[in-house]
Number of protein chains: 2
Amino acid sequence: MSTLTIAHLRETLAEIHDLNAAMSVLEWDMEVMMPPKGAEARGEQLATLSALRHRLATSSELDRMLTALEARASELDSSEACLVAETRYDFLRATRLPESFVRRLSEAQSAGYNAWLTARAESDFPAFRPHLEKLVDLQREAAELYGYEGSPYNALLESYERGMRVEMLRPLFAQLGECQKNLVARITDQDMHQRFDWLGGTWPEDAQRRLSLRVLADMGYDLDAGRLDTAPHPFCTHFDIGDVRITSRYDAHDPFSALFTAMHEGGHALYDQGLDPEWRRTPLAEAPSLGIHECNSRMWENIIGRGRAFWTRYLPALREAFPGRLDNVTVQQIHEAVNRVEPSLIRVEADECTYNLHVIIRFELELQLIEGNLAVADIPDAWNALYKEYLGVDVPDDAHGCLQDVHWSHGMIGYFPTYALGNLYSAQMFEAALRDIPGLLDDVASGNLLTLREWLRQKIHRIGRRMTAPEIVKAATGKDPGAEPYLAYLESKFGELYAL
Amino acid sequence: MSTLTIAHLRETLAEIHDLNAAMSVLEWDMEVMMPPKGAEARGEQLATLSALRHRLATSSELDRMLTALEARASELDSSEACLVAETRYDFLRATRLPESFVRRLSEAQSAGYNAWLTARAESDFPAFRPHLEKLVDLQREAAELYGYEGSPYNALLESYERGMRVEMLRPLFAQLGECQKNLVARITDQDMHQRFDWLGGTWPEDAQRRLSLRVLADMGYDLDAGRLDTAPHPFCTHFDIGDVRITSRYDAHDPFSALFTAMHEGGHALYDQGLDPEWRRTPLAEAPSLGIHECNSRMWENIIGRGRAFWTRYLPALREAFPGRLDNVTVQQIHEAVNRVEPSLIRVEADECTYNLHVIIRFELELQLIEGNLAVADIPDAWNALYKEYLGVDVPDDAHGCLQDVHWSHGMIGYFPTYALGNLYSAQMFEAALRDIPGLLDDVASGNLLTLREWLRQKIHRIGRRMTAPEIVKAATGKDPGAEPYLAYLESKFGELYAL
């Protein structure tokens with residue numbers, strides 16, 4: 001047998017990567033381009049590609065290659081050693097699931113997604129219910145196949161936020177829930193609802209799109225290596241460093257919503273365009289967790305996009321986009337408008353003070369579902385009760401309630417907590433960026449958004465999976481990840497805005 | 001070993017089909033949506049999928065399955081027997097090519113396509129030349145791997161028009177060349193160039209697109225199972241009966257070109273939407289040859305779209321599309337305008353009298369390339385000389401010459417002859433349709449295009465590969481395919497138009 005080298009391993013990894021990329025193209029097309037009657041066949045195609053990917057990712061050849069390279073660990077440099085270790089991690093995890101299970105899951109995901117599209121449009125939870133039941137059963141089965149300590153939910157969390165555990169999330173979310181509910185109460189108790197008459201009327205989609213593209217370009221998103229399309233729910237996907245696509249949606253009654261969506265997805269896109277080209281088509285050119293990915297999107301959307309410095313520069317751009325509408329509106333008014341705090345029904349439109357509460361609600365429900373303490377049929381009632389408890393709002397229908405998010409339709413359970421972690425990471429990392437980059441806020445205020453992108457590229461994007469999310473945060477900030485920087489950020493920003 | 005059934009075979013065929021479909025999605029995306037920097041990775045992805053498909057299509061498992069089913073041939077019904085035979089045919093052909101060759105070819109195709117896009121835009125044949133040299137070498141290698149009798153070109157023809165041979169094309173093309181050159185000379189000698197002042201000015205793309213969509217809907221193209229997009233070169237592709245997409249392009253100076261493109265690609269799309277759903281994901285839901293596919297597109301584009309009956313109905317629609325521009329234009333004037341005969345440089349814009357001459361030129365060049373009698377470097381000179389000989393035109397640059405078509409950039413050699421065969425089949429089949437459907441031209445004149453679609457569905461689409469192209473033509477028309485019906489059609493139509 002000839003000596004196995006990293007190059008051989010990379011050939012096999014490239015095939016797995018290419019299948020992943022092909023699946024992502026099919027999924028992007030499904031959500032952005034596919035005509036309705038293509039849905040059934042698309043589900044079949046994705047299930048077949050899933051099964052083939054699984055065959056490659058669990059092959060005895062790959063196992064032999066890894067064993068041979070593990071035996072020669074001392075000859076490998078640190079990136080190579082990490083590649084072998086990460087590939088072994090992926091291999092072990094993949095081999096827990098039999099191919100037939102992977103195919104069944106993929107079929108249920110495609111069917112679930114298409115059922116959800118209609119169910120949400122018609123606010124018809126019963127139509128979605130059998131799909132969700134199947135998906136929850138499959139995820140409970142997956143947890144058993146993966147194996148776990150403590151809660152079976154830990155097995156699912158691992159897919160999205162490696163190393164994260166229910167035991168760590170519970171106290172963290174208790175702290176966040178407590179503090180944020182408190183903050184919200186102090187704000188809304190004041191009954192300081194400013195008037196925003198100037199926000200009335202409609203805001204042309206064209207102009208919103210052009211403004212989004214302008215800001216994306218300033219952020220350094222390379223449109224020769226990407227696209228901005230419209231889709232029912234915004235997302236970012238990539239097939240390669242050279243092809244990173246985002247989708248957005250437009251609300252004719254809100255001039256900001258599409259812009260912040262674009263900045264959010266653009267933040268994800270900068271990560272994927274910034275992955276290490278030397279290690280493309282390997283796990284080293286992947287993010288180590290969704291939370292650390294979300295750190296980028298939330299930083300761009302909220303800390304930058306909903307920050308005062310940003311609007312110093314972009315109020316003129318906003319005025320250009322909507323001529324004659326905003327001549328008398330000030331930066332302060334914009335800053336207030338984009339930071340209105342109001343408990344509401346929809347997560348993706350939630351302000352920063354309430355956002356994590358939406359996540360906590362989903363975490364509680366998912367945990368009960370996976371631990372067998374909640375039936376799918378009872379989700380709407382449980383959902384509505386938690387929205388009353390955490391946010392004080394009454395859910396008028398399931399479209400504005402438990403059908404609002406796409407994730408469960410894809411069978412993604414264990415995903416939501418990464419949104420809250422992304423918020424925490426974003427504040428902690430931004431503190432470090434402020435220390436590291438002299439005049440960062442002046443750069444933002446003058447439209448130079450590239451210094452921040454460059455910092456993120458070095459501290460996060462280029463690293464790929466050579467470090468875990470907590471290691472990345474600690475290396476950049478000097479501290480383990482925690483809730484304090486985020487809570488301090490909220491206190492400071494909203495304390496000032498609402499004169500608390 | 002458990003008894004192998006057709007159902008087992010269909011599971012494996014479904015995987016192969018799904019990989020094909022995934023590749024088609026990636027190719028559609030590459031030509032319609034992909035940002036430029038995605039090209040390299042897309043080539044890699046397609047090469048990997050090619051290699052995986054090849055592995056499945058040549059697996060010893062598939063071989064064993066076929067052998068078992070062949071041994072039980074007497075138990076199979078006729079469709080099942082045909083499925084086994086067709087799969088064996090595909091298997092034998094696929095096993096001639098080693099996987100490494102398939103991967104090299106796929107990589108060269110993607111690189112060739114992207115190089116061609118730029119080379120054509122800049123009319124820079126030398127930039128494309130090394131790619132084409134590689135592709136021609138690969139095709140010559142493929143011919144040797146496939147094996148052949150007579151010319152190596154036969155091995156390549158087989159991929160596009162099964163059973164067709166150089167020995168059959170030579171006399172056929174000699175006859176077509178002779179008769180069509182003659183016809184063109186009689187028309188252009190008359191110097192009867194009518195004046196078409198009313199065609200001057202520009203024709204808005206929006207209106208052209210709406211008109212195309214209206215006619216496509218009347219043809220029975222189901223847009224819930226398809227899309228119409230814009231691409232540098234028009235094509236039709238399908239991933240399933242429920243997802244059949246076409247692309248078109250718009251010429252602001254010509255109100256007809258996009259419409260005929262849409263009808264042409266729409267003709268292809270009706271075929272793919274009309275395949276037998278019972279046999280989806282198998283070779284029985286595929287066309288037996290490109291010529292018989294092209295029979296549909298040319299029939300819709302030319303015999304219908306450039307026919308008088310069609311314009312009786314659609315002149316009002318044309319007037320609506322371009323208000324006030326065509327109030328004084330008659331059906332006769334439209335019929336003359338869309339049938340102007342003029343030797344020209346570009347195949348896809350050629351009139352019916354000269355179209356086959358463009359095909360014959362490409363056939364002659366390809367034959368020389370594959371038989372080793374022409375170097376790629378000498379293509380531009382040889383091309384230009386043949387255009388002078390057959391069409392009497394001087395080629396101003398390679399963009400309007402040998403770089404005009406996409407096919408060679410994909411390494412597709414042996415494809416062009418199917419265009420001429422499609423013309424021949426279309427006239428012969430339409431004669432039969434006129435006999436079979438009472439009042440067909442009245443239907444067309446009243447906008448009922450569905451009777452023809454239904455006839456084509458029964459006579460062609462539903463059959464799939466259960467019959468070969470010549471068998472389909474013979475079954476529908478009572479005669480073997482030949483040149484006479486097409487030549488008679490040209491004589492009659494253009495004899496009348498030009499009062500020959």
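**Figure 1. The side of chain B that touches chain A.** In this predicted model, 30 residues of chain B are in contact with 30 residues of chain A, two residues being in contact if their C-beta atoms, placed from the backbone, lie within 7 Å. Two or more residues each are given to this side of chain B by α1 (6–32), α2 (39–57), β1 (226–230) and β2 (236–240) of chain B, where helices (H or I, at least four residues) and strands (E, at least two) are DSSP runs, numbered from the N terminus. The most comes from α1(B), with 8 residues. By class, the side of chain B that touches chain A has 15 nonpolar, 5 polar and 10 charged residues; Ala, Val, Leu, Ile, Met, Phe, Trp, Tyr, Cys and Pro count as nonpolar, Asp, Glu, Lys and Arg as charged, and the others, Gly among them, as polar. Residues are numbered from 1 along each chain as its sequence is written, while chains are lettered from A and ligands numbered from 1 in the order in which they are written. Because the model is predicted, local features need pLDDT of at least 70 and side-chain atom pairs count only at pLDDT 80 or more, whereas totals for chains, interfaces and linings use all residues.

Figure 2. The same surface serves both copies, since 100% of the contact residues of chain B recur in chain A.

Figure 3. In chain B, 3 strands form an open sheet in the order β1-β3-β2, with mixed pairing; two strands pair if DSSP finds at least two bridges between them. The edge strands are β1 and β2 of chain B, each of which pairs on one side only. Neighbouring strands of this sheet are turned by 20 degrees against each other on average, direction ignored. Strands β1(B) and β3 (residues 243–248) of chain B run parallel and are joined by 5 bridges, and B:D229 has B:T247 in β3(B) as its bridge partner. Helix α1(B) packs on the sheet, touching β1, β2 and β3 of chain B, and its direction makes about 145 degrees with that of β2(B). Helix α10 (residues 257–273) of chain B also packs on the sheet, touching β1, β2 and β3 of chain B, and the direction of α10 makes about 165 degrees with that of β3(B). For these angles, axes are lines fitted to C-alpha atoms, for helices over the stretch in contact, and angles run from 0 to 180 degrees between N-to-C directions.

**Figure 4. The hairpin of β2(A) and β3(A).** These two strands form a hairpin with 2 residues between them. Strand β2(A) and strand β3 (residues 243–248) of chain A run antiparallel and are joined by 4 bridges, and the bridge partner of A:T237 in β3(A) is A:R245.
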